[in-house]
Amino acid sequence: MIRAILPLAAIACLVGLADAQQAPPPVKSCVPANPMLEWAIWPTAETSSSYADIASFERRLRTAPETSQPAVLMEIGRLKSRLDVDPKYAAAWNKEFFYQELAGRWLYTGWHFKEVLRRFPNHKFADDAAYQLTLLPEGGECEGYVPCQVAALWMRLEPFLRKYPSSPYADSAVQRTLLAFSAIKPRMNLTQPSSEIDPPEIRKLVNSLDQAAGPLPPARGLALLARVAGLREQLGDLPTARTTARMIVDMRVGRLSDCMAGHLRRLEWRLAQPY
């Protein structure tokens, strides 16, 4: 039996080729969501506001000069958003509360926050009022459908981030946005429809996240773009994901750029494969 003996250089070349074709190790998310954050603030009997406090501020609102009204409206809104409301009281104030059948309870509409935005759109409390609206529960049930789970929170946060990108509340809004998109798990195949996934709907959500991230200050926008890159990779949009990842790496913004460098290497490897 005759055996072919490969020159050492050829063997070294084959070993190098095998190493080059080996997939980079899996990388964790560079912008993990904080599971301790709340999607919304639900009133409870233990933390409920006092009816007496609400009545006191409502009396103050009736006599307050216009310059003081935004602050009083904000305080009433905060109290009512945390009120474990009695059905009779809610029915009497039906502009301010609505009955959510699936939740089986009355919920605050955010009427006082909306009044601040309607009457005093340029007031210093406007961004505060807009953000408080994103914290109000709406009830409803998505029944495991992921686009619904994401949109339930993101569709409230997106207008806030677009209108108030430099607000002190924007950092919290960004973190809660990451929480909203954490409903899309890394294990999910976003290229195939299923009972819980509709790829075109996921793509719309990712596109809106991409567009909202652009005008934000870099410290906020890049965190969202890092999430966009990961989601585009899951969707199979590897070239677009690579472009976003490379942009973050090239900006050299510390730990986020260092972390995204690992994602970029993996994307480069995937794009170099012949399949």
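Strand β2 gives the most to the lining of the largest cavity, contributing 3 residues. Welcome to a predicted model, in which local features need pLDDT of at least 70 and side-chain atom pairs count only at pLDDT 80 or more, while totals for chains, interfaces and linings use all residues. Residues are numbered from 1 along each chain as its sequence is written, and side-chain values use heavy atoms, with hydrogens and water left out. Let us start with the overall build and then look into the gaps.

**The overall build**

- The protein has 12 helices and 2 strands (DSSP runs numbered from the N terminus: H or I with at least four residues for helices, E with at least two for strands).
- Why is the protein called more spread out than a compact globule? Its radius of gyration is 25 Å, well over the 19 Å that the globule rule gives for 275 residues, so it is more spread out than a compact globule. (The radius is taken over C-alpha atoms, and the rule is 2.2 Å times the number of residues to the power 0.38.)
- Along its principal axes, the C-alpha trace spans about 105 × 40 × 30 Å.
- Of the 275 residues, 41% count as buried (buried is under 20% relative accessible area, exposed is over 50%, and partly exposed is in between, with a 1.4 Å probe and protein chains only).
- The accessible surface comes to about 15600 Å², and 57% of it belongs to carbon and sulfur atoms (Shrake-Rupley method with a 1.4 Å probe; for residues, only the protein chains shown count as cover).
- Among contacts with a separation of 6 or more, 65% are between residues 24 or more positions apart (a contact means heavy atoms within 4.5 Å).

- Rolling a probe the size of a water molecule over the atoms shows where empty space is left.
- On a 1 Å grid over the protein atoms alone, a cavity is a set of points where a 1.4 Å probe fits but cannot get out, a pocket is an open set with protein on both sides within 12 Å along at least five of seven lines, and lining residues have an atom within 4 Å of a point.
- Grid points are joined across faces, edges and corners, and a volume is the space filled by probe spheres set on the points.
- How many cavities of 30 Å³ or more are there? The count comes to 3.
- The largest cavity has a volume of about 50 Å³, and its lining is made of P43, K80, S81, L83, F97, W106, L107, Y108, L136 and P137. The elements giving two or more residues to this lining are α3 (69-81) and β2 (105-108).
- By class, the lining of the largest cavity has 8 nonpolar, 1 polar and 1 charged residues (nonpolar: Ala, Val, Leu, Ile, Met, Phe, Trp, Tyr, Cys and Pro; charged: Asp, Glu, Lys and Arg; polar: the others, Gly among them).
- The second largest cavity, about 40 Å³ in volume, is lined by I41, S81, R82, Q132, L135 and L136. Its lining divides into 3 nonpolar, 2 polar and 1 charged.

**Open spaces: the pockets**

- The largest pocket has a volume of about 630 Å³. Of the 25 residues in its lining, P186, R227, G230, Q234 and H263 lie nearest its centre.
- Helices α10 (218-235) and α12 (255-272) each supply at least two residues of the lining of the largest pocket, and α10 gives the most, with 5 residues.
- The lining of the largest pocket has 12 nonpolar, 7 polar and 6 charged residues.
- The second largest pocket has a volume of about 350 Å³. Of the 16 residues lining it, W42, E138, G139, G140 and A152 are the closest to its centre.
- Helix α7 (residues 146-163) gives the most to the lining of the second largest pocket, with 4 residues. This lining divides into 10 nonpolar, 3 polar and 3 charged.

The contacts listed here leave out residues up to four places away in sequence.

- T134 sits in helix α6 (residues 126-134) and counts as buried at 2% relative accessibility. T134 touches W39, L153, R156, L157, F160 and R176.
- S208 belongs to helix α9 (residues 199-213). S208 is buried, with a relative accessible area of 10%, and touches W154, M155, E158 and R162.
- V116 lies in helix α5 (residues 111-119). Is V116 buried or exposed? At 0% relative accessibility, V116 counts as buried.
- V116 touches P70, L73, M74, P121, F125 and A129. The C-alpha atoms of V116 and A71 are separated by 8.9 Å, with the two residues 45 residues apart along the chain.
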